[in-house]
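Please look at the sequence and the structure shown below, and keep both in view while you read.

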Amino acid sequence: MKNLFDISGKVAVVTGGSRGIGAMIARGYVENGVKTYICSRTLEQAEATAKSLSEFGECIALGADLATMAGIEKFVAEITAREKKIDILVNNAGAVWAAPLDDFPESGWDKVMDLNVKSVFFLSQKFLPLLRAATSRDTMARIINIASVDGQSVPKFETYSYSASKAAVIHMTRVLAKRLSKDNITVNAIAPGAFPSEMTKVVLKNHKQMMLDQIPLARVGATILFCDRRMFSVEMSRALQYTLTK
Ligand SMILES: NC(=O)c1ccc[n+]([C@@H]2O[C@H](COP(=O)([O-])OP(=O)(O)OC[C@H]3O[C@@H](n4cnc5c(N)ncnc54)[C@H](OP(=O)(O)O)[C@@H]3O)[C@@H](O)[C@H]2O)c1
């Protein structure tokens with residue numbers, strides 16, 4: 001049983017791992033012996049996070065703007081120059097936009113869709129050679145997409161492109177999971193509820209009670225959920241590898 005959940009020696013890429021949920025995921029991997037790449041547009045912040053996580057293991061920071069195809073290709077090329085294979089790709093980087101329906105701007109649609117949906121597809125596509133290189137008859141590589149409960153239920157806030165993007169990611173996860181099962185690559189999505197982060201800072205400051213009212217236990221997420229070894233085991237578990245594919 002102990003070995004079933006052992007992920008040491010693997011290589012992971014966590015997009016947007018410089019802060020928030022991505023940094024929590026990266027920490028979970030680093031602490032469990034995974035060589036972990038993180039990225040963000042702000043290289044300094046990614047480097048600071050990588051430095052603090054390097055206390056627990058190996059963490060490497062890269063600068064990347066994944067909202068553009070050029071940025072995606074550059075990022076994949078940088079990892080390809082360093083690694084022969086990657087075992088785990090976590091498509092975590094995401095953006096949100098809130099505005100009243102009548103005023104919702106095209107820029108708030110494109111920004112969110114480009115990062116939350118388009119980049120998830122093209123990063124997964126362009127990392128396929130490295131992911132395939134990590135597989136064998138007995139070993140599967142993993143793509144883990146960070147979706148949101150907002151992709152499963154109607155959100156309280158006017159985040160039209162965000163909820164549409166997360167619903168798209170959840171369905172794209174199913175579609176890719178079916179196709180990539182032939183390549184020994186599992187594709188799963190995690191749909192977190194509210195976590196305190198840069199993304200939710202304003203809403204938690206101004207509308208905390210409204211947010212808590214939507215949550216039966218009336219509490220927001222905590223680092224422990226993503227860093228706890230057993231939660232990582234669940235995410236990695238062979239038992240759950242088809243969760244969203246059925
Ligand atoms: N927090 C929540 O309550 C919650 C709930 C459900 C789902 N989620 C999802 O969880 C994921 C992480 O959210 P979070 O709350 O941790 O957000 P966050 O604190 O805002 O972190 C987002 C990360 O993505 C990076 N990023 C943003 N735009 C990028 C770009 N164009 N290219 C590369 N990296 C970029 C950010 O760094 P830079 O800005 O420096 O680029 C940062 O590292 C997102 O997909 C989000 O939708 C969050």
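Val 13 has Leu 89, in β4, as its bridge partner. This is a predicted model, in which local features need pLDDT of at least 70 and side-chain atom pairs count only at pLDDT 80 or more, while totals for chains, interfaces and linings use all residues. Residues are numbered from 1 along each chain as its sequence is written.

Strands β1 (residues 11-15) and β4 (residues 88-91) pair in the parallel sense over three bridges; two strands pair if DSSP finds at least two bridges between them, and helices (H or I, at least four residues) and strands (E, at least two) are DSSP runs, numbered from the N terminus. In general, strands of a sheet pair through backbone hydrogen bonds, either parallel or antiparallel. Here six strands, in the order β3-β2-β1-β4-β5-β6, form an open sheet with parallel pairing, and its edge strands, β3 (59-63) and β6, each pair on one side only.

Helix α6 packs on the sheet, where it touches β5 and β6, a contact being two C-beta atoms, placed from the backbone, that lie within 7 Å. Among the buried residues of α6 are Tyr 162, Val 169 and Leu 176, where buried means that 20 or more other C-beta atoms, placed from the backbone, lie within 10 Å of the residue's own. The cover over the buried residues of α6 includes α4 (106-126), β5 (141-146) and β6 (185-190).

Around the ligand there are 29 residues, of which Gly 16, Gly 20, Ser 40, Gly 94 and Ser 197 come nearest; a residue is near a molecule if its C-beta atom, placed from the backbone, lies within 6 Å of it.

Notes: Buried ≥ 20, exposed ≤ 12 C-beta atoms within 10 Å, placed from the backbone. Axes fitted to C-alpha atoms, helices over the stretch in contact; angles between N-to-C directions.
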